Amino acid sequence: MTKLTEFEKQKAITCVGYIEGKFRCDRYKLEMEYDKLGHYDEELDKKLEHAKEMEEFYSNLGKKLKEVL
């Protein structure tokens with residue numbers, strides 16, 4: 001099995017961090033939309049929860065990658 005170069009390791013960690021940031025931005029946008037709406041919306045709530053879960057997943061993945069790489 002071929003090992004990753006230091007450059008490839010950094011790129012992999014950066015890509016995961018980018019995706020985490022994308023979900024963080026999505027979550028902020030959804031929170032602002034929810035605030036403007038002013039009442040409960042099941043679909044918007046599900047989207048917000050999904051964005052939170054994905055942000056947390058990629059955050060944890062990034063931490064693990066930093067440890068193993």
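A residue is called buried when its relative accessible area is under 20%, exposed when it is over 50%, and partly exposed in between (1.4 Å probe, protein chains only). The structure shown is a predicted model, in which local features need pLDDT of at least 70 and side-chain atom pairs count only at pLDDT 80 or more, while totals for chains, interfaces and linings use all residues. Residues are numbered from 1 along each chain as its sequence is written, and side-chain values use heavy atoms, with hydrogens and water left out.

Consider D45 to begin with. D45 belongs to helix α2, which covers residues 42-68; helices are DSSP runs of H or I with at least four residues, numbered from the N terminus. Because its relative accessibility is 30%, D45 counts as partly exposed. Together with E49, E53 and E56, D45 forms a negative surface patch. In such a patch, residues with over 30% relative accessible area and no salt bridge are joined when like charges lie within 9 Å. Asp and Glu count as negative, and the place of the charge is taken as CG of Asp or CD of Glu.

The salt bridges come next. A salt bridge requires a side-chain nitrogen of Lys or Arg within 4 Å of a carboxyl oxygen of Asp or Glu, and the whole structure contains 7 of them. In one, R24 meets E20 with an N to O distance of 2.7 Å. Both residues lie in helix α1 (residues 6-37), 4 residues apart, or about one turn of the helix. R24 is partly exposed because its relative accessible area is 28%, whereas E20, at 15%, counts as buried.

E55 is buried, because its relative accessible area is 11%.

Notes
Patch = residues over 30% accessible without salt bridge, like charges linked within 9 Å, V, L, I, M, F, W, Y side chains within 5 Å. Areas by Shrake-Rupley, 256 points an atom, 1.4 Å probe, with all protein chains shown as cover. Helix = DSSP H or I, 4+ residues; strand = E, 2+ residues; numbered from the N terminus.
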